[in-house]
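Hello,

Please find below the structure I promised to pass on.

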Amino acid sequence: MQELSIFWLRTAVVLYSLGLAHALITVLRRETTWFRPAFGAFIVAVILHAVSLVERWFAVGHLPAENFFESVSLCAFLMALVYLYVYWRYQFASLAVLAFPLVFIMALLGATEIPVAAWSSPRLRDAWLLLHVALVLLGYAALFLTASASVFYLVEERKLKRKAVGGFNRLPPLGTLDNLINRSMGIGFALLTLAIIAGATWAYIESGTRWIGDAKVAISFATWGLCLVMVFLRTSAGWRGRKAAIMSLAVLGSSALTWVAHVGLRPALMR
Amino acid sequence: MKLSLTGLNHNTAPVEVRERLAFQPALLASAVYELCHTPGVQESVILSTCNRVEIAVTADDSVDVSSTLSDFLARVREVDPQWLRQYLYHHQEKDAIRHLFRVASSLDSMVLGEPQILGQLKDAYEVAKTQGALTGFLDTVMTRAFGVAKRVRSETEIGQNAVSISYAAVELARQIFGSLRGKKVLIIGAGKMSELAARHLERNGVSEIAVTNRSPERAQAMAELFRGRIVDYQNFVSVLPEMDVVIASSGAPHFILTREAMRKVIGARRNRPMFLIDIAVPRNIEPTINELDNVFLYDIDDLRTAVVQNRKGREQEAQAAERIISDEVERTLTRLKAREMGPVIVGLQQQLEAVCSGELERVRSKLGTLTPQQQEAVDALMRGIVNKVAHGPIAELRRQASEPGGHTVIEVIRRVFRIDG
């Protein structure tokens, strides 16, 4: 019975991924034309998710919130419901940028409970890992660009606020910096999201379910979460300027922490 | 032949005098023509702008150029020469070159670094050129002046940064928004200053200029000027969320835009930045609005401070520009002198060779037939004498080329060796 529950959950994850695609497009291209199909898929996914939870409930005989996988799946489901309620009650569609990726990643984690067979070839395994690392590093580069532009923004904004504008100025205008921050942040977020999906599936196939409890893994999810919050605040809540610039510095700091933490991660992943 | 310059500018003459002496464009060509056909004068150029009149000529050494030029100016502009004299300055040679370079580079301008003067000088050059009044020395100096001005502009930052209040506002807007394309402007209070600032903004590509004013007639007039819409004065705050730049110059005795109202506006704009310019006295906009994020409020004093700082920056750059000009003056002088030396050196050699071959001709018959070796020895002897004798004067000429008193030495050598031309 467990397998059936996981099957429904995995199908839901596939549908949730459309929501993620919508969020990425919103961040990168600043257009929301994909919202309708993504939202439709999201509703279907929530129904399948509910089916999965009910199956599991009957199988174990109580509310499935015992281990990590069960609770993360349940949590994702509840968040999806909250989002649907907020959407229905307040017409707050743009919350999707925050909710869709979060629900997707959590449901994805919940769906990794039962280990699958080992790698079909070691070459695929290495390439997959390399892809994950490359995506992470590219994502960090984009976040680094975001943070540097943010520093320039803070300096420039301070100058303009204090009216110390005489003499010669070689910094780009605030508007230009803000555009650069938005663009590089969007790209960085997209790369990190893909990286975390690649990394999670790799670790899942490689080490089954043991990796999930590792603190370093938790740190990287926290970094991604912070990045997600920043993206949401900038694109949907209209944060910009000083506060957003400081936020992007925090994300870069968190990324640096993740990087340091991952230097010693390899042994922990070994079977 | 020497280069001389006579003129007056905003430092030596008040505006009443300058406007009295300025040349009408129609009159300029004939004046240039007349001047370069004055006896003793070879070349002439006249620059006439609202801030200066400059007359430069090359003339024979025998002519008293400074009085010729001031008399000419008095006659052409129909003023009393005696009265005129007190406003004029005269420069010669090196100083005249330096003055022309400084004028071209806008170091002598009322607004340091302003770019129009170079264009005006180029126009003056064109006029003189078409009148055939620029044929040699002065032509070279003028052409070089354009090069110097270009060099000053590219190697220093003298032309950077706004030095007028309305333009400073535009620079600030650019510093905030980057491009002004598609930005919207609201003018509160239709005044001269706000009109000027709006005009600058319009030229930089803003998409809409809306106007609000207590009296609707003035608003109407201004709105027509910018083909913009009129906003109701009582309700202007309601359109603020769509405006990027606000220029306030109304005569209201109290703040017409409060911090509380602005906080709501910026929220409604989802924090897109706004630039508020308050040029009204007493001020229209509550000063603490500047503390809000993403709002930049500048009052008239802030803009003035920016302008003063920009001026100071230009003055610093001017020092660097002066060094470039000194360098260029030296180079130009050396080049011009060297060009003048050329004919003298050639003349000297020809003169000496003529003397030698003349003398040889006289004794040739007494020598009888010479073997080829002997003929060769005689030729070598003569060449040797010419070179040895010419060596001293030529070396001296070359050395004097870069000296200020070079002229007299050239004259002495010309006369001593009977070189004509």
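**Helix packing in chain A**

In chain A, helix 6 (residues 174-207) packs against helix 7 (residues 215-235) at an angle of about 145 degrees, with their axes 10 Å apart. Helices here (H or I, at least four residues) and strands (E, at least two) are DSSP runs, numbered from the N terminus. Axes are lines fitted to C-alpha atoms, for helices over the stretch in contact, and angles run from 0 to 180 degrees between N-to-C directions.

Before going further: this is a predicted model, in which local features need pLDDT of at least 70 and side-chain atom pairs count only at pLDDT 80 or more, while totals for chains, interfaces and linings use all residues. Residues are numbered from 1 along each chain as its sequence is written, and chains are lettered from A and ligands numbered from 1 in the order in which they are written.

Contact means that the C-beta atoms of two residues, placed from the backbone, lie within 7 Å. Nonpolar covers Ala, Val, Leu, Ile, Met, Phe, Trp, Tyr, Cys and Pro, charged covers Asp, Glu, Lys and Arg, and the others, Gly among them, are polar.

Chain B has 14 helices and 9 strands. Its mean pLDDT (the predictor's confidence in each residue, from 0 to 100) is 87, and 98% of its residues reach 70 or more.

Within chain B, the axes of helix 8 and helix 12 come within 9 Å and cross at roughly 95 degrees. The two are therefore roughly perpendicular, a label for angles of 65 to 115 degrees. Ile165(B), Ala168(B) and Ala169(B) of helix 8 make this contact with Leu303(B), Arg304(B), Ala306(B) and Val307(B) of helix 12.

Which chain B elements face chain A? In all, 23 residues of chain B are in contact with 18 residues of chain A. Helix 8 (165-177), strand 9 (295-299) and helix 12 (300-367) of chain B each supply at least two residues of that side, and helix 12 gives the largest share, 6 residues. The residues on this side of chain B divide into 7 nonpolar, 11 polar and 5 charged. The model scores ipTM 0.74 and pTM 0.66.

Best wishes

Technical notes: Angles under 35 degrees count as roughly parallel, over 145 as roughly antiparallel, 65 to 115 as roughly perpendicular and the rest as oblique.
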